[in-house]
Amino acid sequence: MEIKDLRVNGQRLQESMGRMAEIGATPGGGVHRLTLSDEDKAARDLFVGWLNEIDLDVTVDEMGNIFGRRAGKSNGLPPVMAGSHVDSQPSGGRFDGILGVMGALEVLRTLHENSVVTRRPIVITDWTNEEGSRFAPAMVASGVWAGALNIDWAYNRTDVNGNRFEDELIRIGYKGPASCAAWPVHCYYEYHIEQGPILEREGKLIGAPKGIVCLHWYDVFLEGEANQVGPTPMEGRHDALCAAAEMILAVNELPERMGGNLVATVGEIRTHPNSRNIIPDRVHFTVDIRSWDDDHALNAWNSARGNFEEIAARRGCPIKIEETWRVQHSPFDEKLVQRILDIAGYLGYPNLHMVSGAGHDASYMNQVCPTAMIFVPSIRGRSHVEVENTRWEDCEAGANVLLHAVMQSAEEE
Ligand SMILES: [Zn+2]
């Protein structure tokens, strides 16, 4: 058989995805596999076992990133890398992240069973804590690996119960000996579900994003004055939750007011003491702003911030704002993006040049080496929810694109 006729085994990919979906399975058909939890450990153990079955050289670094290296003919050359993440959102879906890891595994299994030896080595990766929902921020371990984030800072991140990141990494047995620092990589591919409705709407099967939008995260803390709700008149109240309510709507109205490519969301809120008969005196909420244009996102934030300060002053609720995290928009390598479109075309898959609205480990990898992503459709554009779904034949198609992209890159001088 000629190399160009090589295809992945879609049935085997589906079975591997099925096995992974059992770990942390939720009643609604999703998965709950938070980073560094027992479920994350079980998924990692299963993954590492599969890497060993096809004779990969497995290493774990001090951030818990797992690498499986497949030797090539010229092992002094930087490898081609492909991967994603096995952790999930709370009650998240069965495809987010894991498809990119199982897809890359399926590529390596296909090469293994066909005894294909590439010029360059190939490395498959599971990045720790892509989701950032248990320990903020997201993509923290690829960020440390790429040199963009500090490891001690990452180690000291805590979850809502006060557990430290490093302690949990040790607890599940995945604080590895390898140092978490980038080595030379020829290029990086990340295969992922789209997590939006564009491919489905356009009737396309494969998406090749030209890059990832910028991502700005903020934390807002408001103080009010607690009091018994019955005897306290409405005038003169300092209700921190009402101040937050106005601010949340200001965030929601931001994209329409500012125009251009922009989305803005408040997704998390905590109120204290959270009692029906006490005026709320402490509120914390988050703001997420994304755009293809970094300056536009910053201008939008500055506008929102102005609104917040006005609302806080008017309601007599002191405000504290933390600028938690900013990642610039990340244009991918044009040559690799074109390669993905070309391969999709060659394989007969309708394809689309687009933008990724979600952050991925690929955005940090893009700082280290030429990077590109492969998207397949999310049914009804739903993601980070239990009903997240992608057709199995689409999963297989994306893995075939990954297979040929990896093989082409791995033959390069
Ligand atoms: Zn993901």
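These legends describe close-up views of a predicted model.

**Figure 1. The whole chain, before zooming in.** The protein chain holds 12 helices and 14 strands. Its C-alpha trace spans about 80 × 45 × 40 Å along the principal axes. How does the radius of gyration of the protein chain fit with that of a compact globule? For 413 residues, a compact globule would come near 22 Å, and the chain has 23 Å, so the two agree. Buried residues account for 55% of the 413 residues. Take the contacts between residues at least 6 apart in sequence: 80% of them join residues at least 24 apart.

**Figure 2. The surface and charges of the chain.** The accessible surface of the protein chain comes to about 17,000 Å². Carbon and sulfur atoms supply 48% of that surface. The chain carries 38 positive and 59 negative charges.

**Figure 3. The zinc site.** Which residues coordinate the zinc ion? They are H85, D96 and H192. H85 and H192 each use NE2, while D96 uses OD. The distances run from 2.0 to 2.2 Å. Along the sequence, the donors follow the spacing H-x10-D-x95-H. D96 and H192 link distant parts of the chain, 96 residues apart. D96 sits in the loop between β3 (80-84) and α3 (98-113). H192 belongs to strand β5, residues 187-193.

Figure 4. Are D96 and H192 buried or exposed? The cut-off for buried is under 20% relative accessible area. D96 has a relative accessible area of 5%, so D96 is buried. H192 has 1%, so H192 is buried too.

**Figure 5. H404 in helix α12.** Helix α12 covers residues 392-410, and H404 is found in this helix. H404 has a relative accessible area of 7%, which means that H404 is buried. What does H404 touch, beyond residues up to four places away in sequence? The list is I3, K4, L6, R7, I343 and L347.

**Figure 6. M407, also in helix α12.** M407 lies in helix α12. M407 counts as buried because its relative accessibility is 6%. Residues up to four places away in sequence are again left out of the contacts. M407 then touches I3, L6, L111 and V116. How far apart are M407 and L111 in sequence and in space? They are 296 residues apart in sequence. From C-alpha to C-alpha, they are 9.1 Å apart in space. I3 and L6 are among the residues touched by H404, and M407 touches I3 and L6 as well.

**Figure 7. V8, ahead of helix α1.** V8 is found in the segment before α1 (10-21). V8 has 7% relative accessibility, so V8 counts as buried. Which residues are in contact with V8, leaving aside its neighbours within four places in sequence? They are E106, V107, T110, E396, A399, N400 and L403. Now look to S330. V8 and S330 are 322 residues apart in sequence. In space, their C-alpha atoms are 30 Å apart.

**Figure 8. Two cis peptide bonds.** The peptide bond from A136 to P137 is cis, and its omega is near 0°. P137 lies in the loop between β4 (122-126) and α4 (140-145). Another cis peptide bond joins H272 and P273, with omega about 0°. Where does P273 lie? P273 is in the loop between β9 (269-272) and β10 (282-291).

**Figure 9. D55, a residue with positive phi.** D55 is not glycine, yet its phi is positive, near 60°. D55 lies in the loop between α2 (38-53) and β1 (57-60). Is D55 buried or exposed? D55 has a relative accessible area of 61%, so D55 is exposed. The cut-off for exposed is over 50%.

**Figure 10. S91, a residue with positive phi.** Phi of S91 is near 45°, a positive value in a residue other than glycine. S91 is found in the loop between β3 and α3. S91 has a relative accessible area of 33%, so S91 is partly exposed.

Note on methods
Residues numbered from 1 in each chain as written. Predicted model: local features only at pLDDT ≥ 70, side-chain atom pairs only at ≥ 80, totals over all residues. Heavy atoms only, no water. Helix = DSSP H or I, 4+ residues; strand = E, 2+ residues; numbered from the N terminus. Buried < 20%, exposed > 50% of the residue type's maximum accessible area, 1.4 Å probe, protein only. Contact = heavy atoms within 4.5 Å. Rg over C-alpha atoms; globule rule 2.2 N^0.38 Å. Areas by Shrake-Rupley, 256 points an atom, 1.4 Å probe, with all protein chains shown as cover. Lys, Arg positive; Asp, Glu negative; His and termini not counted. Charge placed at Lys NZ, Arg CZ, Asp CG, Glu CD. Donors = N, O, S within 2.8 Å, 3.2 Å for Na, K, Ca; no water.
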